[in-house]
Amino acid sequence: METPWWREAVVYEIYVRSFADASGDGVGDLAGVRRRLPYLAELGVDAVWLTPFYRSPMADGGYDVADYRDVDPLFGTLSDFDAMVADAHALGLRVIVDIVPNHSSSEHAWFQAALRGEGRDRYVFRDGGELPPNNWQSVFSGPAWTRLPDGQWYLHLFDSTQPDFNWRNPEVHAEFLDVLRFWLDRGVDGFRIDVAMGLYKAEGLPDTPAESQAFATGSPIWGRPEVHEVYRAWRKVLDSYPGDRMAVGEVWTDSIEDLARYLRPDELHQSFNFAWLEAPWSPTAFRTVIDDTLAIGASPTWVLSNHDVVRHVTRYGEGLASSTTGLARARAALLTMLALPGSAYLYQGEELGLPEVKDLPPEARKDPIFARSEGTLPGRDGCRVPIPWSGVEVPYGFAPDGVTPWLPQPVEWAALTAERQAGDPDSTLSFYQEALRARRALRGTLPSRVTWLDSPEGALFFTRASLTCAVNCGPDPVRLPPHDRVLIASAPVDDGVLPPDTAAWLHTP
Ligand code: NOJ
């Protein structure tokens, strides 16, 4: 049987509102995505994952869905969606869409009915007094409960405009099976499942122990065993469609065993592997993550950044004197990740080496985390700043000239536009293109195992048959392992020496 596409795919995350604005309202849209698809095909990715573009009041950037079967006017129309999918497929790109089953927007018709006292059992409502029904806190800060004027409380693990569904109600199940079919019928190749370890809450909604960490195994809030039945049902729907339709879960958990349960053969095809993204710049940390991931035995994934975390150029450079080190490490990490078996998920803008924008003014910040934490947490806007495509003035081709983007772009980004980097063989964009080409050339030829080689202190060497990958996380140059040719390197490697913060792919006879 042929290997399904998603097993070794490079998937590019499009945070739609910040990717490309064709309509000129300062917010990215589906027509903008469509125009830029040739850029992605040329970059060399296999698929795109689009963050939510459904009808939404945008209290959480679209992760607050008011209608799961329609496109928000901000992003276009269903025909724009269809045209975008058709173009993507014509370019050989698969399309993954986001599905948000843990909660809806408070503007969803069901919640509006619930506010009128109808169908409250589709959400998690409880009677209570002056105090909320339990001690649960919102992931976005503050209590996870809001009280209505009639005295009932409803649960929202995120913003108060994102009420949690009651998955113990069969109507909720049926609704999502239908939503899956709606988008599958429109030709999508897969789903990214938002908060996939959410959905069910422990019966009786007991308090969380005071000392418990976010997303801890055994929590009454996350990773309840019943959720697996949902994914078994979803898998059956996906399998009933022609082509390799897939699902990748956003599963935050502190345990590999727990993660593995989502990846049983009749459940999700993949889950994001956040362990790599959380690991420090350290060969031992990377080796542990790789060993643990491969031990699961399911289809591995690797991810360095997404729209919820600080961009990895900045993460890897945190606390260092040189501002170039973060970028050097980011390029080395990419090459290491691409050398591993499985799929790689890239986040828009990382191919341009974009850093986190840390100095957004408070009045520009839109992430509900900023407001809910009363400004004590910066939120995630810094990794969501619109992409600089071309030109030397804001909005750098993100939107038509003269349009103000929904988040301000830094002046330094004039030097980082895709246009400028495309013409420079040493740019991060050219490096990404070259790395993705090299990966494609090897696709299907390498074993799914990784063999560790002895490596000097600070470095990590591994092989997969003819490919050896060497990454140097230490402060001193190291000698490269045996090879007959350097295939690609994240920075120049001369005379058999691998400098600090550099990775190389070597051909081994
Ligand atoms: C995870 C999404 O990636 C994030 O952006 C969102 O705020 C939460 N889920 C809630 O839907």
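Analyst: A residue is near a molecule if one of its heavy atoms lies within 4 Å of it. By that rule 13 residues surround the ligand, and the closest are Asp60, Asp194, His307, Asp308 and Arg380. The model is predicted, so local features need pLDDT of at least 70 and side-chain atom pairs pLDDT 80 or more, whereas totals for chains, interfaces and linings use all residues. Residues are numbered from 1 along each chain, and side-chain values use heavy atoms, without hydrogens or water.

By class, the shell around the ligand has seven charged, four nonpolar and two polar residues (Asp, Glu, Lys and Arg are charged; Ala, Val, Leu, Ile, Met, Phe, Trp, Tyr, Cys and Pro are nonpolar; the others, Gly among them, are polar). Several polar contacts (N or O atoms within 3.5 Å) can be described in turn. In the side chain of Asp308, an N or O atom is 2.5 Å from an oxygen atom of the ligand. For the side chain of Arg380 the corresponding distance to a ligand oxygen is 2.9 Å, and for that of His103 it is 3.0 Å. Taken alone, the ligand exposes 300 Å² (Shrake-Rupley method, 1.4 Å probe), and the protein buries 97% of that area.

The space that the ligand takes is the largest pocket (more than half of its atoms lie within 2 Å of the pocket's grid points). On a 1 Å grid over the protein atoms alone, a pocket is an open set of points with protein on both sides within 12 Å along at least five of seven lines, a cavity is a set where a 1.4 Å probe fits but cannot get out, and lining residues have an atom within 4 Å of a point. The largest pocket holds about 730 Å³ of space (the volume filled by probe spheres set on the joined points). Its lining has 32 residues, and Val139, Asp308, Val309, Ile369 and Arg380 lie nearest the centre. By class, this lining divides into 16 nonpolar, twelve charged and four polar residues.

The second largest pocket holds about 370 Å³. It is lined by 24 residues, with Glu8, Pro341, Gly342, Ser448 and Arg464 closest to its centre. Twelve of its lining residues are nonpolar, seven polar and five charged. This pocket lies between domain 1 (5–101 + 169–362 + 429–435) and domain 3 (447–507), because both give residues to its lining; the domain bounds come from an automatic or database assignment.

The structure also holds three cavities of 30 Å³ or more. The largest cavity has about 70 Å³ of space, and its lining includes Leu259, Phe272 and Thr301. That lining has six nonpolar and five polar residues but no charged ones. The second largest cavity has about 40 Å³. Among the residues that line it are Asp60 and Arg380, both of which are also among the residues closest to the ligand. Seven charged, three nonpolar and one polar residue make up the lining of this second largest cavity.

Methods. A polar contact is a pair of N or O atoms within 3.5 Å; within protein, one must be able to donate a hydrogen and the other to accept it, and residues adjacent in sequence count only if both atoms are side-chain atoms.
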